[in-house]
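Please keep the sequence and the coordinates at hand while reading.

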Amino acid sequence: MKSTRELCGLFCSEMQTLTPRVYWAQRHKEIYLRVDLSDVQDLDVSIKEHILHFTAQGHGAKGSNEYKFSLEFLEPVKDEPVFKATQREVNITVQKVESQWWERLTWQLKKPVFLAPDFDHWLDESDAELELKEKEDQITKVSMESRVPHDHFHNLKRGYLFMYNLVQFLGFSWIFVNMTVRLFILGQDSFYDTFHSIADMMYFCQILAVAEIVNPAMGLVKTGVIPAVIQVVGRNVILFVIFGSLEEMQNKAVVFFVFYLWSMIEIFRYPFYMLCCIDTEWKTLTWLRYTIWMPLYPLGVLAEAVAVVQSLAIFNETRLFSINLPWPLRMSISFALILQIYLVFMFLGLFINFRHLFNQRRKRFRTKKRKTN
């Protein structure tokens, strides 16, 4: 029989083995564990049959003691954990056998009491997919750059893009300043002669904007061709077909709102692209470029839709651009009917472009946040 003192000693010895606080996060290919343990000694981390075993002597929540824990993972993992001890914590990376998103970390449904999310590294599934895609794109880019010969026309292309954005910035700045000054001087009267005062410069800028389709098509910029086509074609239909061909529309107040909203977006977009051409960033301008379009772009499309609706009666009356089908059909398709169908595609284009621009904004600011950290 052991004495009471011996039993107490054995009990106290067993009580000295404690469980540390463990924080976790995941990606599609890895599990990240952060053990809240400092001044670590005698560290041992191993994985057997998809169960991670951790043992170390260190300073944790209960002072300097031996700390242990085990985790049985939800899915199979590789038996080669990568771990590193710092003065404040132990970081462990575990590779998943299959690249997939886990609904939880452990096999058992009930979460261990010592386990908590690592919010410093936490991402939801959609953000993790986007991060994974960025990494894959970066690897692909590096691989392609290593195989593609040096571009001797790189500086020439940048010079062209800088000048293009500079000219567009000056054009839309002239439009915005001119309309603003006229608004302060003439008040609401400036609404009704906007077209006759601004149209020539707007024609110039929108004809030049066709380059925004050509540039991505030729690989000069990385933006998509489809969003550029939607914006350029949509604006030119409003400018040349609705406003340019109908004198009755040129004196309407909607012209002012369409032109003003267009110019407000572009006076921030084009200088942002100018600075990108010379690898320079102005944080305020970056924020404005990726934020101000969120209210202005839908308002601009709404103003364009109002212009289309107001033109329907005029096209019905004048039969301008109506299509007369030959015998044996002998019927006429009113251009107003085509515009009504175009209205549906206009709002579909708004959805596509809004989603594209929102993803650009999300990607831009997440990348900046990651670089800052």
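## Terms and basis

A residue is called buried under 20% relative accessible area, exposed over 50% and partly exposed in between, using a 1.4 Å probe and protein chains only. By that rule Glu49 is exposed, because its relative accessible area is 71%.

This is a predicted model, in which local features need pLDDT of at least 70 and side-chain atom pairs count only at pLDDT 80 or more, while totals for chains, interfaces and linings use all residues. Residues are numbered from 1 along each chain as its sequence is written, and side-chain values use heavy atoms, with hydrogens and water left out.

## Confidence

The predictor's confidence in each residue, pLDDT, runs from 0 to 100; the protein chain averages 86, and 90% of the residues score at least 70. Helices (DSSP H or I, at least four residues) and strands (E, at least two) are DSSP runs numbered from the N terminus. Confidence is highest in helix 4 (residues 194-208), at a mean of 96, and lowest in helix 1 (residues 4-15), at 44.

Over residues 1-15 pLDDT stays under 50, and the model has two contacts beyond four places in sequence for them, a contact being heavy atoms within 4.5 Å. Where pLDDT is low, the predicted coordinates should not be read in detail.

## Strand pairing

Two strands are said to pair if DSSP finds at least two bridges between them. Strand 2 (residues 21-26) runs antiparallel to strand 3 (residues 30-36), with six bridges joining them, and the two form a hairpin with three residues between them; here Gln26 stands opposite Ile31. Strand 2 is also joined to strand 9 (residues 115-117), in this case in parallel and by three bridges, with Tyr23 opposite Ala116.

Ten bridges hold the antiparallel pair of strand 5 (residues 51-60) and strand 6 (residues 63-72), whose hairpin passes through two residues, and Leu52 has Leu71 of strand 6 as its bridge partner. Glu49, in the loop between strand 4 (38-48) and strand 5, has a positive phi of about 55° although it is not a glycine. Most residues other than glycine have a negative phi.

The expected span of a helix is 1.5 Å times one less than its number of residues. Helix 6 (residues 225-243), with 19 residues, reaches 26 Å from its first C-alpha to its last, close to the 27 Å expected, and its buried residues include Pro227, Gly234, Arg235 and Phe243.

For helix 9 (residues 293-318) the 26 residues should span 38 Å, and the end C-alpha atoms are 36 Å apart, which agrees. Just after helix 9, Arg319 takes a positive phi of about 60°.

## Annotated transmembrane regions

An unreviewed UniProt entry places the feature "transmembrane region" at residues 161-181, 228-246, 252-272 and 335-358; UniProt positions follow the numbering used here, feature names are shortened, and annotations may be inferred rather than shown by experiment. Residues 252-272 are 90% helix and 0% strand, with end C-alpha atoms 32 Å apart, whereas residues 335-358 are 100% helix and 0% strand, with a separation of 34 Å between the end C-alpha atoms.

Leu348 belongs to helix 10 (residues 335-372) and counts as partly exposed because its relative accessibility is 44%. Its C-alpha atom is separated by 9.8 Å from that of Ile230, 118 residues apart along the chain.
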